[in-house]
Amino acid sequence: TSGIVITASHNPAKYNGYKAYGADGAQLSVENSAKVLSYVDKVEMFGGAKTMRFDEAVRDGKIEYIGDELVEKYLETVKSCSVEKVTADLNVIYTPLNGTGNKPVREILKRIGIKNVTVVPEQEFPDGNFPTAPFPNPEIRQAFECAINLSKSVEADLLLATDPDCDRVGIAVKNGDDFTLMSGNEVGACLLDYILSRRKANGTLPENPVAVKTIVSTPLADKIAAKYGCK
């Protein structure tokens with residue numbers, strides 16, 4: 001069992017790429033990647049690959065859409081990660097940057113109690129050319145320009161953006177009359193402190209808590225973890 005994802009991720013449209021995943025849902029190991037590549041190398045570049053129309057492949061059962069049952073399981077799993085019920089009456093402007101986040105992100109925000117969500121209209125629907133954000137990386141300001149412009153007519157406490165394959169998020173917060181983008185490290189530090197503080201308050205912090213970070217993450221995480229007795 002394997003899975004293939006065609007994605008431009010947070011990169012320009014011309015970098016549209018191919019990702020392969022194994023039966024465990026994770027990206028392939030080096031060994032398995034080499035095996036997949038060996039099959040790719042056997043395909044003649046011009047005329048060697050078999051092709052068929054997408055609608056025909058769906059009709060013949062060669063392509064199958066993910067069912068609502070799996071989508072629901074995914075949404076419930078994401079929601080279960082929440083450490084506290086949202087009580088703040090937030091106004092949020094959200095942009096999926098013409099990618100895949102539109103439906104799942106809006107549904108999750110609704111389920112956790114954030115009702116006032118406005119989607120950036122020109123970036124709402126899938127468009128692999130990314131006409132309004134050539135570099136659809138939610139950590140750069142250009143990707144937020146449409147959302148910032150919308151905030152001039154729609155009140156917002158927070159701007160959210162997800163990259164086209166919806167595995168990274170950008171956040172901009174109100175700062176006077178403008179919005180300030182937060183870096184991934186700043187968001188990570190805030191989230192770590194929030195999760196540890198709320199779980200300590202509601203009694204769900206384990207006896208010997210452990211936080212995991214990567215080598216490129218801010219060392220501020222070490223200080224935050226130490227504050228809560230977290231390794």
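Helices (H or I, at least four residues) and strands (E, at least two) are DSSP runs, numbered from the N terminus. The structure is a predicted model, in which local features need pLDDT of at least 70, side-chain atom pairs count only at pLDDT 80 or more, and totals for chains, interfaces and linings use all residues. Residues are numbered from 1 along each chain as its sequence is written, and side-chain values use heavy atoms, with hydrogens and water left out.

**Second largest pocket**

- At least two lining residues come from each of strand E1 (3–7), strand E2 (17–21) and helix H1 (30–42).

**Salt bridges**

- The structure holds 12 salt bridges, each a side-chain nitrogen of Lys or Arg within 4 Å of a carboxyl oxygen of Asp or Glu.
- Arg 106 and Glu 124 form one of them, with their closest N and O atoms 2.9 Å apart.
- Arg 106 lies in helix H4 and Glu 124 in the loop between strand E4 (116–119) and helix H5 (145–150), so this pair ties together parts that are 18 residues apart in sequence.
- Glu 124 is buried at 17% relative accessible area, whereas Arg 106 is partly exposed at 35%; buried means under 20%, exposed over 50% and partly exposed in between (1.4 Å probe, protein chains only).
- Within helix H4, Lys 110 and Glu 107 are 3 residues apart, or about one helical turn, and form a salt bridge with closest N and O atoms 4.0 Å apart.
- Salt bridges that share partners join Glu 72, Glu 76, Glu 107, Lys 110 and Arg 111 into one network.

**Buried residues**

- Ile 108, in helix H4 (residues 102–111), is buried at 15% relative accessible area.
- Not counting residues up to four places away in sequence, Ile 108 touches Leu 75, Val 78 and Lys 79, contact meaning heavy atoms within 4.5 Å.
- Thr 162, in strand E5 (residues 158–162), is buried at 6% relative accessibility.
- Leaving aside neighbours within four places in sequence, the contacts of Thr 162 include Pro 96, Val 105 and Arg 168.
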